[in-house]
Structures are given as structure tokens and as C-alpha cells.
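Dear colleague,

Please find below the structure that I promised to hand over, followed by some notes on what was found in it.

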Amino acid sequence: MPQVNRILRGQTALVTGASSGIGRAIALAFGAAGAAVGVNYRSDRKAAERVVTEIVKHGEAAAFHADVTDERQVEAMFAAFLERFGTLDILVANAGIQRDAPIAEMTLADWRAVLDVNLTGQFLCARAAIRAFRARKQAPPPLRALGKIICISSVHEVIPWAYRVNYAASKGGVMLMMKSLAQEVAAEKIRVNSIAPGAIRTDINRAAWATPAALEALLELVPYGRIGEPEDVARAAVWLASDDSDYVTGTTLFVDGGMTLYPGFEGEG
Ligand code: BGC
């Protein structure tokens, strides 16, 4: 086993949308940091099982099916998770999709699908997590918080995005859902935060990095001069899930290589 900091040892975590991309990297990093990990997936069971196989080489993990837009499936997933692992310390509400279209061509189905997964899905999972945290009354010592929720947002919680009004609206919604929830549950020692990734090399934005020309155009938007990797986000998630960030709640941590720094203004304006 690689020498890693097992900072999440003894904790349990459920990661939604963990069969690929950022969710997969977070699940693997949590496993490496010592957490028992629930790997949620909607359609690709084999990919979720591969993530589980990777984690169980040195830790504990299991795959859990649920479409996060379906209330009953979410409730059943949390029940199965608690049955398997006994308690819940960390939720990462990560599952997310894009359905891009110019506004006149954007269908109601495109709008609803994105809002349903990216915002309503996070609501359903966060609500179930809060109930699970409350049910145990006290975090197992020496842990400090009763529970932690990490919402995976996007730079598009603040950067408007033409042709993706559904996606930007969903992430703007995640921002105030996260903050309102953080305010509501802080006194119970439940921490709620977001990570806002920028351009990260995953399938969701393959067209933006798959060719040298596309990558060059993309890097115009990234002052730090490289595309992000899923592991960049995963390392931030490990920290936000750990007691090292115990005084951090209601905040968005941008992991974006400076994408939110208005790079077009460099030397202008
Ligand atoms: C989107 C990606 C995009 C990135 C930066 C993410 O939230 O899902 O498609 O590359 O934001 O614009």
C-alpha cells in the first residue's frame, strides 16, 4: 500500500456519481485516506465495481445504486449504506450532468434533467445525510463534527455560461442551497461546504480538451496554465471532509487554476 496520510481513518463516506470523473477520484482518495466508501452509481455498475475493487485492496467500500433524482431510490440507498457501514460521517453530493443547447432550442426536458440531477439530487441526498447525522446524536470520538456535507458545484455558480443556462442555474442554486443549509445546521456541528471545480479533465468536457486546438483555447481561460485533474479536486475534498477543516462551513472552495480571476482582464480594462 502506498504511504498516504490516513486522515479519514474510521470514517464512512457516501459519494454520489462515483463511477467516473471527479466522483471516482474522490471515492479513491477517500479510500486511500482510510474512509469506508459508498460508491454510488446510476447506470454503470461495472465501473462502480471497479472503483470498489480498487479501494478494497487496502480498505472498505461497496457500490450502491440510486438515481439521485428519485426520492425513493435515494432513501433506499441511504438505508442500505447505514445497514452496511453502521453510520454516516461524510456525504459528497457530486452527481451532475450537462445538457447544453442554445436557449431557443433548449427543451423543457433538457432544463428539467439538469436541474433535477444537479440541484434536486443534491437536496435529496443532503436531506437524507442530515437525518442520518442527527440519528446518531454525537460523532464517534475523537471526531469533532457531527457530520460533513460537500456539494460539488462549479465555477459556473458565479461565471455565467451561454448555451448552458440550465447548468449555470443549477450550480447557482447549489451555492445558495449549500449556504442556507450550512446556516441552518451549524449549531448542530454539521459542516456544509462546496467545491467549485474549473476545467477538470473528465468525460463531461472532453470536447474542451481532447484536441490540441481545443485545449489551447481552454487554457486561455486558466491563468495557472494547465487543465485540472480529478485528483486536484479529490485532494481538496479529503481536506474538507477531515477535522483539519473543522472551522470551515458555508464556504465554496474554488479548485480552478484561477478561472474565476477574470483572465481576460489581464493588462486590459
Ligand atoms: C463543466 C465543464 C467545464 C468547466 C469549466 C464545469 O462545471 O462541467 O464542462 O469545462 O465547468 O467551464
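Is phenylalanine 64 buried or exposed? With a relative accessible area of 8%, phenylalanine 64 is buried, where buried means under 20% relative accessible area, exposed over 50% and partly exposed in between, for a 1.4 Å probe and protein chains only. Please keep in mind that this is a predicted model, in which local features need pLDDT of at least 70 and side-chain atom pairs count only at pLDDT 80 or more, while totals for chains, interfaces and linings use all residues. Residues are numbered from 1 along each chain as its sequence is written, and side-chain values use heavy atoms, with hydrogens and water left out.

The structure holds five aromatic pairs (rings of Phe, Tyr and Trp, the last by its six-membered ring, with centres within 6.5 Å; planes under 30 degrees apart count as stacked, over 60 as edge-to-face and the rest as tilted). One of them is the tilted pair of phenylalanine 64 and phenylalanine 81, with 5.7 Å centre to centre and 50 degrees between the planes. Phenylalanine 64 lies in strand S3 (residues 60-65) and phenylalanine 81 in helix H3 (residues 71-85), so this pair ties together parts that are 17 residues apart in sequence; helices (H or I, at least four residues) and strands (E, at least two) are DSSP runs, numbered from the N terminus. Phenylalanine 81 is buried as well, at 1% relative accessibility. Phenylalanine 64 also forms an edge-to-face pair with phenylalanine 85, at 6.3 Å centre to centre and 65 degrees between the planes, and Phe64, Phe81 and Phe85 form one aromatic cluster.

Best wishes
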